[in-house]
There are 2 protein chains.
Amino acid sequence: MNPGSSAIGVDLGGTFIKAARITASGTIEAQTRRPTHPESGPEGIADSIAEMARELNDGSGLAGLGIGVPGVTTAEGVVVIAPNLDWHHIPFKQILQNRIDLPVAIDNDANVAALAEARAGVGKGCNTLCFLTLGTGIGGAVVLNGQIHHGASHSAGEIGHMCVLPGGPQCGCGNLGCLEALTSGPAMVRLVQKGLEEGQKSTVSSDLTPEAICNAAAGGDSLCTETVQQVGGYLGIAIANLINVLSPDVIAIGGGISAAGNTLMHPILESTREHTLEGLFEHTQIVLATLGNDAGSLGAAFLVLSI
Amino acid sequence: MNPGSSAIGVDLGGTFIKAARITASGTIEAQTRRPTHPESGPEGIADSIAEMARELNDGSGLAGLGIGVPGVTTAEGVVVIAPNLDWHHIPFKQILQNRIDLPVAIDNDANVAALAEARAGVGKGCNTLCFLTLGTGIGGAVVLNGQIHHGASHSAGEIGHMCVLPGGPQCGCGNLGCLEALTSGPAMVRLVQKGLEEGQKSTVSSDLTPEAICNAAAGGDSLCTETVQQVGGYLGIAIANLINVLSPDVIAIGGGISAAGNTLMHPILESTREHTLEGLFEHTQIVLATLGNDAGSLGAAFLVLSI
């Protein structure tokens with residue numbers, strides 16, 4: 001094997017650190033994981049990652065180590081904020097680089113997952129891909145010509161904060177009517193709770209989760225069906241806006257809630273078609289992401305592997 | 001002068017054809033114009049353009065002829081629809097090429113104006129630029145790395161058909177709540193007419209035009225001020241969405257209504273700031289386009305001149 005044809009990809013989450021040795025074509029050669037222990041702080045976590053990198057290094061030559069972090073990063077590799085780790089302005093690229101004798105690259109977790117889908121997943125071979133992750137928040141990313149689009153602020157791809165309902169519910173970011181405020185897991189749960197409080201009948205009642213709501217909708221529950229239709233409707237508006245502006249080859253949808261599959265995809269596609277200018281809809285594939293839990297480490301490795 | 005360092009740029013409008021000989025750096029060396037005579041059809045118009053190109057050709061060698069048309073074009077140079085010319089599926093690139101012994105390139109008029117602003121206007125030297133034209137319709141375009149972004153459908157950049165008010169007024173495209181349905185010149189006039197019908201007082205009354213409305217707003221008229229605030233508010237939502245997704249270096253605003261300057265720019269900027277995720281707003285310049293009537297021929301020439 002030529003030196004530099006593989007790389008270490010690290011997926012740093014709030015609960016686990018996952019790391020893998022990955023080839024340029026996206027094959028996982030070896031992998032390992034450890035609990036994150038956020039309380040050990042950036043230095044402790046960097047020590048763990050350096051040890052995992054040594055475990056995975058088979059001596060055949062590595063192109064570098066890439067890492068996806070659950071937060072906002074700068075071009076210089078500073079983590080501006082990572083709520084799940086309680087990090088603020090941590091120069092994590094430098095902290096890692098001090099421990100690792102390989103080129104280090106760092107980016108946001110949604111960006112690296114999008115890069116993975118664009119190079120080795122549903123968008124393989126495409127030019128332009130937009131990525132949405134549906135979960136506790138709505139993450140987003142834009143990949144142009146096989147590269148993450150960071151834009152002037154280095155923070156492009158904030159699809160979750162697209163305004164899709166002026167004057168709508170307040171988002172965690174403080175603005176009104178963001179996609180995230182209308183379609184995240186907690187938003188979905190709030191909609192069903194409100195219906196229950198208003199006396200609507202439903203097969204779900206306690207222990208409300210987005211998964212339970214999607215399952216009940218798939219089973220014909222009317223309150224949950226209505227909720228999933230509404231959430232899919234707003235997601236479709238945001239996706240239609242992406243198509244009207246960028247006409248991407250692929251829009252990939254990942255994240256926990258995307259596991260609902262067709263229950264959610266059907267209203268998404270219906271609304272997208274309704275809000276897209278004639279002649280554009282059929283040129284974009286709107287599909288579920290396929291790499292699942294591997295997207296994070298794969299995309300992180302691609303940060304240091306050229307196409 | 002080296003052969004190929006200048007080109008002919010043609011701005012085909014519903015009333016006039018404007019053509020100019022333009023250098024790669026964007027200097028207009030010579031220009032001419034004629035009435036369009038739409039009734040002469042694509043062949044008659046192509047004859048006129050070929051004559052204008054001969055007039056402008058000083059024999060020093062030209063890189064080609066580029067043309068911007070007021071309609072939807074395909075990658076193959078077919079004009080799918082150009083309402084002001086009553087054209088449907090006209091292979092106009094080929095019709096021109098049959099008459100002109102230079103490479104011919106064709107694109108949509110908003111796209112070529114955006115290219116002009118990105119290479120020689122307000123976006124000179126920038127990486128990513130979004131362009132809006134405010135007029136009878138709302139045109140849009142996206143320039144990435146100095147090139148027009150056409151996307152999978154060849155029709156990207158339809159910013160005017162971004163949905164900014166779900167269930168809002170019907171747009172000419174048939175969809176509800178498009179930016180164009182809420183902020184075009186005719187939409188602005190409808191808003192004031194509605195206010196007048198409801199008995200609101202205003203200094204404008206007959207001969208309503210977007211220009212008269214903006215002037216009255218600048219003069220303190222309350223109905224017109226309210227209207228301009230509302231229009232600027234929706235434009236700001238669309239611009240904020242562009243920033244959240246693409247974080248462009250520059251958003252340039254052109255077209256007839258943009259002549260209202262600060263009267264309109266103030267509410268646009270206020271709404272954009274309100275709807276943009278924290279940390280992104282200050283990285284994008286939101287500015288009036290500067291090339292005015294020359295943008296069409298300049299950008300058309302840039303279609304055949306490399307950077």
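Two strands pair if DSSP finds at least two bridges between them. Helices (H or I, at least four residues) and strands (E, at least two) are DSSP runs, numbered from the N terminus.

## Sheet in chain A

With mixed pairing, five strands of chain A form an open sheet in the order β11-β10-β9-β12-β13. The edges are held by β11 (147–148) and β13 (285–288) of chain A; each has a single partner strand, so one side of each is left without a neighbour in the sheet. Strand β12 (residues 250–254) of chain A runs parallel to β13(A), and four bridges join the two. Ile253(A) has Leu288(A) in β13(A) as its bridge partner.

Helix α7 (residues 222–246) of chain A lies across β9 (128–134), β12 and β13 of chain A, at about 165° to β9(A). Axes here are lines fitted to C-alpha atoms, for helices over the stretch in contact, and angles run from 0 to 180 degrees between N-to-C directions.

## Model and confidence

This is a predicted model, in which local features need pLDDT of at least 70 and side-chain atom pairs count only at pLDDT 80 or more, while totals for chains, interfaces and linings use all residues. Residues are numbered from 1 along each chain as its sequence is written, and chains are lettered from A and ligands numbered from 1 in the order in which they are written.

Chain A has a mean pLDDT (the predictor's confidence in each residue, from 0 to 100) of 95, and 99% of its residues reach 70 or more. The model scores are ipTM 0.95 and pTM 0.95.

## Overall form of chain A

Chain A has nine helices and 13 strands. Its radius of gyration is 20 Å, close to the 19 Å given by the globule rule for 307 residues, so chain A is as compact as a globular protein of that length. The radius is taken over C-alpha atoms, and the rule is 2.2 Å times the number of residues to the power 0.38. Along the principal axes, the C-alpha atoms of chain A fill a box of roughly 60 × 45 × 35 Å.

The same surface serves both copies, as 100% of the contact residues of chain B recur in chain A.

Key. Contact = placed C-beta atoms within 7 Å.
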